[in-house]
Every structure is written in structure tokens, then in C-alpha cells.
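Hi,

Here's the model I promised to pass on.

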Amino acid sequence: MRMYQVIIVEDDPMVAEIDKQYVEHNSKMAIAGIFQNGQEALDFVRTHPVDLIMLDYYMPVMDGRTFLVKLRAEGILADVIMVTAASEARHVSELYSYGVSDYLIKPFDYNRFQTALQKFVSRREAFAGDKAFNQEELDKVISPEGQRGGQFVDKGIHPVTLEIICSFLREHKSEKLSIEDIAKNVSLSRVTLRRYMNYLIDKNSVIGGVDYSTGGRPSAVYIYIGK
């Protein structure tokens with residue numbers, strides 16, 4: 001049976017031990033190492049191929065973001081699942097851009113942790129070999145068991161990007177926010193944001209308005225009213 005080699009990069013020994021126990025509950029996973037910072041982990045993966053990295057964000061010496069940047073710059077394509085308290089939209093958006101395959105926010109749930117591992121295994125097994133997919137087969141791999149993680153919830157609206165925007169809006173619920181206010185916090189273009197804001201207005205999660213108090217040209221503003 002194929003055993004996937006996993007490393008844990010976590011500076012809190014208690015959390016690292018929980019991660020280790022949870023990973024070992026999956027019979028297809030083997031722990032290849034536990035490291036307290038990104039530099040130790042990077043030194044290891046340069047000479048020891050691994051399949052999956054469970055990665056924290058806040059660590060001494062080298063944090064999770066810097067580790068990811070260096071990992072991808074060196075062409076190391078191991079899957080990465082974030083296990084971290086860094087839940088700010090700007091962090092989530094940036095880390096996904098570096099190829100993070102899943103994101104668990106501390107304190108994490110056992111079942112959600114196992115779901116992340118199983119999604120990794122299913123994807124790896126589906127992509128093994130030289131099989132060619134049709135669209136329906138590929139959609140099932142990307143979004144197993146009907147999950148929406150890799151599918152568009154509507155034309156041009158991706159659930160990961162949508163959640164990043166909504167996470168920021170929830171933190172500023174009932175505030176009047178311009179496109180510029182939102183853009184500088186979620187690292188998306190104004191054109192893209194307008195499409196998502198219009199979608200949220202259609203779904204009755206956002207109210208659109210106009211701010212005439214700018215002293216110049218009136219500015220469109222948005223107020224989040226969703227849950």
C-alpha cells in the first residue's frame with residue numbers, strides 16, 4: 001500500500017503532537033519528521049522527498065509564509081495544508097496563491113482535519129498514472145462528494161475567493177466600505193471585487209449605496225448584512 005510521507009512544521013509541541021496523532025489515524029500516512037520552524041523543514045525537504053506538509057504560519061526563525069515562498073522557488077511541489085491561527089483574509093489569499101491545498105484554522109476539529117487528509121489522498125490517487133479526464137470526472141476529483149471547494153458557485157464566482165471577501169466583510173459588518181477599502185485588504189483587483197460585490201448584493205448579503213460626502217465624485221459603498 002502506498003504510504004504518503006508527511007512532515008509537521010509547528011513550533012508548539014502540544015499542537016505538533018495533536019497533529020501527529022491525527023495524521024497517524026490515517027492508515028495511508030507516515031510521519032517523516034516534525035520541525036519547529038520553516039528553516040529546519042526546508043533543510044529536510046531539500047534532501048528528503050515528502051508528499052504532504054502540515055504547516056503553521058507563526059513560527060520563529062522562518063515563518064510559514066517565508067517557508068512557502070522558498071519551497072515553491074526551489075520547485076518543491078509537495079502538497080501543503082495550513083494548520084494555523086492566521087485567519088486574516090490577506091493571509092489566506094496569499095497562501096492559497098502559493099499552492100496551499102487546504103486551510104485549517106486553530107483550534108481545529110478532528111473531523112475537519114481528517115477530511116483535509118482524505119481530500120489529499122483522494123486527489124493524489126485520482127491523479128496517479130496517465131489517465132485523461134472528462135469534465136465531470138475532473139470536477140469530482142476537485143470537489144469530492146459534492147463539496148464546493150474547487151467549483152464555481154456561480155459564473156465567475158469561486159467559493160475560496162468569495163469566502164476571503166466575506167471574512168473581511170464580517171469583520172467590518174454594518175460599516176460603509178468602498179471598493180478601495182476592500183481591495184487593499186483582500187489583494188484583489190477592483191474589477192474582480194465589483195463582480196463579487198454585485199453577486200453578494202444579488203444574494204442579499206450586501207447593500208450597495210453611494211457616498212456623497214467625499215468632497216468630489218460620489219463613491220459607491222457597500223454594507224455587509226449577511227451572517
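Let's start with isoleucine 81, which is found in strand E4 (helices, H or I with at least four residues, and strands, E with at least two, are DSSP runs numbered from the N terminus). Isoleucine 81 counts as buried because its relative accessibility is 1% (buried is under 20% relative accessible area, exposed over 50%, partly exposed in between, with a 1.4 Å probe and protein chains only).

Before going on: this is a predicted model, so local features need pLDDT of at least 70 and side-chain atom pairs count only at pLDDT 80 or more, while totals for chains, interfaces and linings use all residues. Residues are numbered from 1 along each chain as its sequence is written, and side-chain values use heavy atoms, leaving out hydrogens and water.

What does isoleucine 81 touch, leaving aside residues up to four places away in sequence? Its contacts (heavy atoms within 4.5 Å) include Ile53, Leu55, Leu104 and Leu117. Leucine 55 sits 26 residues away along the chain, yet the two C-alpha atoms are separated by 6.1 Å.

Leucine 55 is also the bridge partner, in E3, of valine 9. Strands E1 (residues 4-9) and E3 (residues 52-55) pair in the parallel sense over 4 bridges (pairing takes at least two DSSP bridges).

Zooming out, 5 strands make an open, parallel sheet ordered E2-E1-E3-E4-E5. Its edges are E2 (29-35) and E5 (100-105), each pairing on one side only.

As for helices, H4 (residues 89-97) lies across E4 (79-84) and E5, at about 155° to E5 (axes are lines fitted to C-alpha atoms, for helices over the stretch in contact, with angles from 0 to 180 degrees between N-to-C directions).

Cheers
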